[in-house]
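Here is a short report on a predicted model. Have a look at the structure first, then read on.

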Amino acid sequence: MGEFVRLETKDGIGTIRLERPPMNALNTQVQEELRAAATAATADPEVRAVIVYGGEKVFAAGADIKEMADMSYVDMAERAADLSSALGAIARIPKPVVAAITGYALGGGCELALACDWRVVAEDAKLGQPEIKLGIIPGAGGTQRLARLVGPARAKDLIMSGRMVDAQEALRIGLADRVAPAAEVYDTAVALVRPYLNGPVQALRAAKLAVDGGLDMDLNSGLAWESQLFAALFATDDRREGMAAFVAKRKPDFTGR
């Protein structure tokens with residue numbers, strides 16, 4: 001698809017693969033290629049789940065600092081929203097999405113992982129938001145998604161110290177969902193999303209929208225949003241099939257409609 005990012009589809013899984021050696025630094029081109037890959041994965045009905053993967057050695061070690069070093073406030077003011085929305089495109093894929101993390105997921109790389117629904121982390125991986133050491137803060141969702149995931153106090157610790165966490169600490173605080181040997185990270189990610197491949201597509205989409213959208217609302221608004229999505233699913237063939245299968249005590253045959 002792109003020079004540094006491609007979407008590969010096999011058996012219902014779309015793998016968004018980063019390949020910008022040596023560290024998969026997220027320069028402007030990579031960011032926009034991630035956006036394009038996310039758009040393609042969203043539109044392709046053959047893609048039922050997505051894995052974001054940087055390869056066997058590294059997930060993504062952050063933004064391209066050389067590209068940013070000479071940028072002024074005016075330059076970044078014009079670019080910052082695009083940076084955030086490029087990773088936001090990953091978060092908005094209406095399908096299950098898992099990050100398969102080897103090596104390092106730092107700065108923008110950690111923010112890319114945070115944009116996914118789950119994170120499978122190699123036993124020797126390191127994650128963190130070290131931007132403070134450059135005199136800046138995360139600018140592509142790190143301060144917001146990290147706080148929602150691990151809580152504000154832990155997010156402040158990681159962001160304000162800039163320290164890295166290992167796989168076991170990431171698992172303990174909720175930044176990782178699975179830990180696996182580095183050679184098994186991708187296969188573990190496949191195993192994590194496999195149960196969703198033949199599931200009810202519209203209900204899975206609604207579940208993700210309900211949870212993610214509700215986090216930005218007060219409770220009453222979130223409950224109303226949930227009710228709307230819940231009711232809408234009664235217009236789907238999969239809802240009829242699911243309930244008919246339950247009554248008949250058989251396995252449902254979902255079609256995604």
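Glutamate 8 is partly exposed, with a relative accessible area of 33%. It forms a salt bridge with arginine 6, and the closest N and O atoms of that pair are 2.2 Å apart. Arginine 6 is itself partly exposed, at 27% relative accessibility.

Arginine 6 also forms a salt bridge with glutamate 19, this time with 2.4 Å between the closest N and O atoms. That pair ties together distant parts of the chain: arginine 6 sits in strand E1, glutamate 19 in the loop between E2 and H1, and they are 13 residues apart. Glutamate 19 counts as partly exposed too, with 32% relative accessibility.

## A pair along helix H1

A search of the whole structure turns up 14 salt bridges. One more to look at joins glutamate 32 to arginine 35, with the closest N and O atoms 2.9 Å apart. These two residues are 3 apart in helix H1, so about one helical turn separates them. Both glutamate 32, at 30% relative accessible area, and arginine 35, at 21%, are partly exposed.

## How E2 sits in the sheet

Which strands does E2 pair with, and in what sense? With strand E1 (residues 5-10) the pairing is antiparallel, over 6 bridges; with strand E3 (residues 49-53) it is parallel, over 5 bridges. The chain gets from E2 to E3 through H1, and this β-α-β crossover is right-handed. On the E3 side, threonine 15 has isoleucine 51 as its bridge partner. Of the 6 residues of E2, 5 are buried, so the strand is largely enclosed by the rest of the structure.

Zooming out, the open sheet has 6 strands in the order E1-E2-E3-E4-E6-E9, with mixed pairing. E1 and strand E9 (178-180) stand at the edges with a single partner strand each, so one side of each has no neighbour in the sheet. On average, neighbouring strands of this sheet are turned by 20° against each other, direction ignored.

## A nonpolar patch

Back in the loop between strand E2 (13-18) and helix H1 (28-43), you'll find methionine 23. Methionine 23 is partly exposed, at 34% relative accessible area. Together with Tyr104 and Met164, Met23 forms a nonpolar surface patch with about 260 Å² of accessible area in total.

Conventions
Residues numbered from 1 in each chain as written. Predicted model: local features only at pLDDT ≥ 70, side-chain atom pairs only at ≥ 80, totals over all residues. Heavy atoms only, no water. Patch = residues over 30% accessible without salt bridge, like charges linked within 9 Å, V, L, I, M, F, W, Y side chains within 5 Å. Areas by Shrake-Rupley, 256 points an atom, 1.4 Å probe, with all protein chains shown as cover. Salt bridge = Lys/Arg side-chain N within 4 Å of Asp/Glu carboxyl O. Helix = DSSP H or I, 4+ residues; strand = E, 2+ residues; numbered from the N terminus. Buried < 20%, exposed > 50% of the residue type's maximum accessible area, 1.4 Å probe, protein only. Pairing = 2+ DSSP bridges. Right-handed = clockwise from strand over helix to strand, strands pointing away. Axes fitted to C-alpha atoms, helices over the stretch in contact; angles between N-to-C directions.
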